[in-house]
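Here is a short briefing on one chain. Please keep the sequence and the model open while reading.

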Amino acid sequence: MLLPIDSLLPADSPRLEGENTKHVRALAELDDELQPIIVHKGSMRVIDGMHRLRARAERGDTTIRARYFSGSESEAFLFAVQSNTKHGLPLTREDRRAAAERIIKTLPAMSDRALSKFTGLAQQTVARIRQQFPPCRSMQSRIGVDGRARPVNPKENRRIAEEFLQENPHASLRQIARAANISPSTAQDVRRRTIRQHGSGEPVARRPTAGSQGNGQGPDSGLLHDLALLARDPSVRHTEAGRMLVQWLRLTMVVGTNHTIVVNSIPEHCAEIAARAMRVCTTHLEEFVRKLEQR
């Protein structure tokens, strides 16, 4: 749209020295149509394009092509910094460092990598600038380039997840993720590592208790005994169908003794589908048992 030049306020520019007079004169002498400037809709302050605005005014124009930007003042400044790193007269290194300091103060949750992308500074430089400010102890996560929040200290969050899992071995992945401020996939990895390294969480396989080892009356002793008999029987193990049956029973036993792990590992959006499929499988199993009992 066309906006009156005298209705616009000067930019909250990231340039420490303001506009460059030589650049303004060079733009004013061009015959090419300049790109529209960007104006903050709430304040009518120029966000990007002060050199173009000065050039049009020097030509004697009273209006200028513009586009509106909707957002907070902090977001407007961030947009101005990013715009001036991509086109027009480049920002100096001092301009970029000063802009990074200001953004860290106003948007402390922005990650070093994201800030590096907006300012054009190296990520290590951004990290050193952040170290000049007192650490924000309440800041547990930062916003990345993709807009997702990630923990500031991943190792500490994993430790919290391990402790939560040891106290709540049957907790779902989402519960672990919320408690430790991590993703469900990270929570699943923590669960697997905890079980493998420490034996905490839901056990991989049930072991007979001290009172059941001698009498063979553990919770799965009957199934283990029957499975061993079938596996040793030549008429079973020497046929493809027999071997399939033994493998089937072994898998069923593993799932049965570790059903909590399996249930908690299934994504929430797949739970209903898995339950529906399991019901169909259960119907087939019941039919299989009925036919065996009729033999």
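**Arg56 and its helix**

Arg56 sits in helix H2. This is a predicted model: local features need pLDDT of at least 70, side-chain atom pairs count only at pLDDT 80 or more, and totals for chains, interfaces and linings use all residues. Residues are numbered from 1 along each chain as its sequence is written, and side-chain values use heavy atoms, with hydrogens and water left out.

- Arg56 is buried, with a relative accessible area of 13%. Buried means under 20% relative accessible area, exposed over 50%, and partly exposed in between (1.4 Å probe, protein chains only).
- Leaving aside neighbours within four places in sequence, Arg56 is in contact with Ile5, Glu33, Leu34, Asp61, Thr63 and Ile64. Contact means heavy atoms within 4.5 Å.
- H2 spans residues 50-59, and its buried residues are Met50, His51, Arg52, Leu53, Ala55 and Arg56. Helices (H or I, at least four residues) and strands (E, at least two) are DSSP runs, numbered from the N terminus.
- These buried residues of H2 pack against helix H1 (21-28), strand E2 (37-40), strand E3 (45-48) and strand E4 (63-69).

**H4 with H6**

- Helix H4 (residues 93-106) and helix H6 (residues 123-130) have axes that come within 10 Å and cross at roughly 55 degrees. That makes H4 oblique to H6.
- Axes are lines fitted to C-alpha atoms, for helices over the stretch in contact, and angles run from 0 to 180 degrees between N-to-C directions. Angles under 35 degrees count as roughly parallel, over 145 as roughly antiparallel, 65 to 115 as roughly perpendicular and the rest as oblique.
- From H4, Arg93, Arg97, Ala100, Glu101 and Ile104 meet Thr125, Val126, Ile129 and Arg130 of H6. The residues of this contact divide into 4 nonpolar, 1 polar and 4 charged.

**H3 with H5**

- Helix H3 (residues 73-84) packs on helix H5 (residues 112-119) at an angle of about 60 degrees, with the axes 7 Å apart. H3 and H5 are therefore oblique to each other.
- Leu78, Val81 and Gln82 of H3 make the contact with Lys117, Phe118 and Thr119 of H5.

**Confidence**

- The chain has a mean pLDDT of 79, and 83% of its residues reach 70 or more. pLDDT is the predictor's confidence in each residue, from 0 to 100.
- Over residues 199-219 the pLDDT is below 50. Beyond near neighbours in sequence, this stretch has 24 contacts in the model.
- Where pLDDT is low, the predicted coordinates should not be read in detail.

How values were computed. Nonpolar A, V, L, I, M, F, W, Y, C, P; charged D, E, K, R; others polar.
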